[in-house]
Each structure stands twice: as structure tokens, then as C-alpha cells.
Amino acid sequence: MMSAAERVAAVLRQAGIDAQILEFPQSTRTARDAAAAVGTTVAQIVKSLVFLADGRPVLVLGSGANRVDGAKLAAAAGVGRVDKADAEVVRDVTGFAIGGVPPVGHRSTLPVYLDRDLMAFDVVYASAGTPNTVFPIAPRELARLTAATVVDLREDA
Ligand code: 5CA
């Protein structure tokens, strides 16, 4: 049985991405925790969030600094309404638990929407499938790897 982090590492390797998975003794469960562990800004942490778009699961790769604007996501997905998936749905759809949901390696292939604010950075950090691992990746590579639609998803304060 492959561990969650091994599953993510295998997907990255198969895509030709030479990512080093960083494992920490402390939590990277939240964007804030992950930023502190890595020594980077919260904005450079990728949140991998499952939403239900008219009931169908989609993946949002958001910036740790932003809240996802539901109306913007609904417009991008071409649906009437979006709701955040609950913990059980997240586990069912991705095969990973909240706090360690990675952007790739899911049980099912989801449409992916990537917050364009992430594109401003040379490197961002996403979960590697567990609550104490992350991996660095160029946002352009992340978008390619996930076949993401890059779009403005930021909720304006
Ligand atoms: N490992 C970190 C950084 S990569 C991480 O996974 N961050 S995260 O933001 O993608 O995951 C935490 C997110 O899970 C929270 O932003 C929140 O949207 C969601 N979440 C936390 N608890 C629940 C819950 N009970 N039900 C649904 N979603 C939840």
C-alpha cells in the first residue's frame, strides 16, 4: 500500500516534475502552518479545496491568502451555485483527508480552477497528501499538471 505522500510523488515523477517533497516534524495542516514550516508567505501556499458546482465536485487551487469568491467560481464553472464540500465528501472524492489534500493524485479526475494570484510567484507550495508534507512547484507547472483553468477567484474584502 502506497502512502499518501508516495502517491503524490509518483504522479509528479510521471509528469516529469522533479519535485522534492518536504516533510516537517510540525503541522502543515493549514496554510498558516505550512507557511511557517516552509518559511514563506501564506500567499504562496496552495489550498486544495473541493467545491460542489451544481452538485458536481470541482477542485480549487487557491492562494492561502485569499478566500474563494463563490460567485466567481460559479461563473468560471458555468453553474448556478457552488458549495464547499464537507469533510466526508472531500475524502470520498479525493481519497485524502482535509489538512493534507494535494492538488494531484486524487481518486477521481476533477475540473480544476486555479486562482490567478498564485501565478505571481516563482514558486508555490502545495500539500503532498499528508498534514506535514508539502512540495514546491512553479505555478505554471502546477497549472499544466492539473490542466487548470486559471481565473480570478479572489473574494474582495
Ligand atoms: N496542508 C495545508 C496547506 S497546503 C492545507 O491543506 N490547507 S487547505 O487550506 O487546503 O486545507 C484546509 C482547508 O480545509 C480550509 O481552508 C477549509 O476550507 C477546509 N476545511 C477545514 N475543515 C473543514 C471541514 N470541517 N469541512 C470542510 N472543509 C474544511
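## Exercises on a predicted protein chain

Asp-54 sits in the loop between β2 (45–53) and β3 (56–63), where helices (H or I, at least four residues) and strands (E, at least two) are DSSP runs numbered from the N terminus. The model is predicted, so local features need pLDDT of at least 70, side-chain atom pairs count only at pLDDT 80 or more, and totals for chains, interfaces and linings use all residues. Residues are numbered from 1 along each chain as its sequence is written, and side-chain values use heavy atoms, with hydrogens and water left out.

**Exercise 1.** Let's start with backbone angles: find the phi of Asp-54 and of Ala-147, and classify the accessibility of each residue.

*Solution.* 
- Step 1: Asp-54 is not a glycine, yet its phi is positive, about 45°.
- Step 2: With a relative accessible area of 43%, Asp-54 is partly exposed; the classes are buried under 20%, exposed over 50% and partly exposed in between (1.4 Å probe, protein chains only).
- Step 3: Ala-147 lies in the loop between α5 (139–146) and β8 (149–151). This residue also is not a glycine and has a positive phi of about 50°.
- Step 4: Ala-147 counts as exposed, at 62% relative accessibility.

**Exercise 2.** Now work out how strand β7 (residues 133–137) is enclosed, and which strands pair with it.

*Solution.* 
- Step 1: Look at burial. 5 of the 5 residues of β7 are buried, so the strand is largely enclosed by the rest of the structure.
- Step 2: Find the partners; two strands pair if DSSP finds at least two bridges between them. Strand β1 (residues 22–23) runs antiparallel to β7 with 2 bridges, and Leu-22 faces Val-134.
- Step 3: Strand β6 (residues 124–127) is also antiparallel to β7, joined by 4 bridges. Here Ala-126 has Phe-135 as its bridge partner.
- Step 4: Inspect the connection. β6 and β7 make a hairpin with 5 residues between them, and Gly-129 in the turn has a positive phi of about 105°.
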